[in-house]
Amino acid sequence: REARFFFFGKWIETTNNKRNQLKLMRSNVSKKQFKKTRPKKHGLSQAQVVALTDLTLKLGQPLCIAEGIELIHVECHSEPRGQVLRLYIDKPGGVKLDDCVNISRQIGDLLDVQTEQETAYLLEVSSPGPDRPLGKPDDFSRFTGHQARVRMAAPINGQKNVTGILAGMQNGIVTLRMKDTSIAIPLSHIKHARLIGYQGES
C-alpha cells in the first residue's frame, strides 16, 4: 500500500530518509491527517458507499475504543481526486500524528480483508479540526453553547442551511438559537452538522 502524510496541502512520502524531517514537523501540525490509497478501478455506487461507511463504523468503533480514542464520524464522498473514506478521531488532549497513522493502518488492514478488491477509495484519518463534525445524536447535547452550522434534508422556514448556537436536544428535536429566535430541527431532518471554531473541550 502507498502511504503518505498530509501537512498543510503538501504530500510527504514516508520513505526512510524522510523520518527526521517528519519528526521535526510533528510539533507544528495543528490538524493531523494520514492517508492511504487503494488502486483506482472504478467509482462506488450509492449502495457501496452506504455499505462501506457502515462497515467502517462497525470495525472502527471497537478498534478506537481499544486505543483510547473516540471515533467521531465516518463519511464517504466522491471528490475530484476520487472516492474518499474519511474518519475523524479525537481523544483528551487532542490526537497526534502517530494516532492517525496507527488507526489508519489498522482500519485499512481490516477493510482490506472484508471488502472486495474492486472497492477503490482513498482512506483518510484526521483530527476533527475547528469544523468538528457532529456525528452522533448525543453530540447535539454534548456541545450545547457551541456555534454550529446545520444542513437539513428539507427546508424549514424556507432554509436548508442554518447557523446558530446549539441549545441542546430533547425527544429527538435539536434546538438552534439564532439572534433573537430559535429553530427546532428534528434530528431525522439533519443531513450534516459541524461546529464552528471548535478548539477542544475544556
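Two residues are in contact when they have heavy atoms within 4.5 Å. This is a predicted model, in which local features need pLDDT of at least 70 and side-chain atom pairs count only at pLDDT 80 or more, while totals for chains, interfaces and linings use all residues. Residues are numbered from 1 along each chain as its sequence is written, and side-chain values use heavy atoms, with hydrogens and water left out.

**The whole protein**

Begin with the entire chain in a cartoon view. The protein has 4 helices and 11 strands; helices (H or I, at least four residues) and strands (E, at least two) are DSSP runs, numbered from the N terminus. Of its 202 residues, 43% count as buried. Buried means under 20% relative accessible area, exposed over 50%, and partly exposed in between (1.4 Å probe, protein chains only). Among contacts with a separation of 6 or more, 61% are between residues 24 or more positions apart.

**First stop: Cys76**

Select Cys76, which lies in strand S4. Cys76 is buried, with a relative accessible area of 9%. Which residues does Cys76 contact, leaving aside its neighbours within four places in sequence? They are Leu44, Val49, Leu52, Thr53, Gln83, Val84 and Leu85.

**Second stop: helix H3**

Select residues 97-114, which form helix H3. This helix has 18 residues and reaches 26 Å from its first C-alpha to its last, close to the 26 Å expected at 1.5 Å a residue; the expected span is 1.5 Å times one less than the number of residues. The buried residues of H3 include Leu97, Val101, Ile103, Ile107 and Leu111.

Remain in helix H3 and select Asp99. Asp99 is buried, at 13% relative accessible area. Not counting residues up to four places away in sequence, Asp99 touches Ile69, Ile89 and Lys91.

Side chains of opposite charge can pair when their charged atoms come close. A salt bridge is a side-chain nitrogen of Lys or Arg within 4 Å of a carboxyl oxygen of Asp or Glu. The structure holds 12 salt bridges.

Select Arg132 and Glu70, which form a salt bridge with the closest N and O atoms 3.5 Å apart. Arg132 lies in the loop between strand S6 (122-126) and helix H4 (139-142) and Glu70 in strand S4 (residues 70-79), so this pair ties together parts that are 62 residues apart in sequence. Arg132 is buried, with a relative accessible area of 0%.

Next, select Arg81 and Glu124, whose salt bridge has its closest N and O atoms 3.4 Å apart. Arg81 lies in the loop between S4 and strand S5 (82-90) and Glu124 in strand S6, so the pair ties together parts that are 43 residues apart in sequence. Arg81 is partly exposed at 32% relative accessible area, whereas Glu124 is buried at 2%.

Finally, select Asp139 and Arg142, where a salt bridge spans 3.8 Å from N to O. These two residues are 3 residues apart in helix H4 and are separated by about one helical turn. Asp139 is buried, at 2% relative accessible area, and Arg142 is partly exposed, at 36%. To close the tour, select Glu75, Glu79, Arg81, Arg86, Glu124 and Arg194 together: salt bridges that share partners join these residues into one network.
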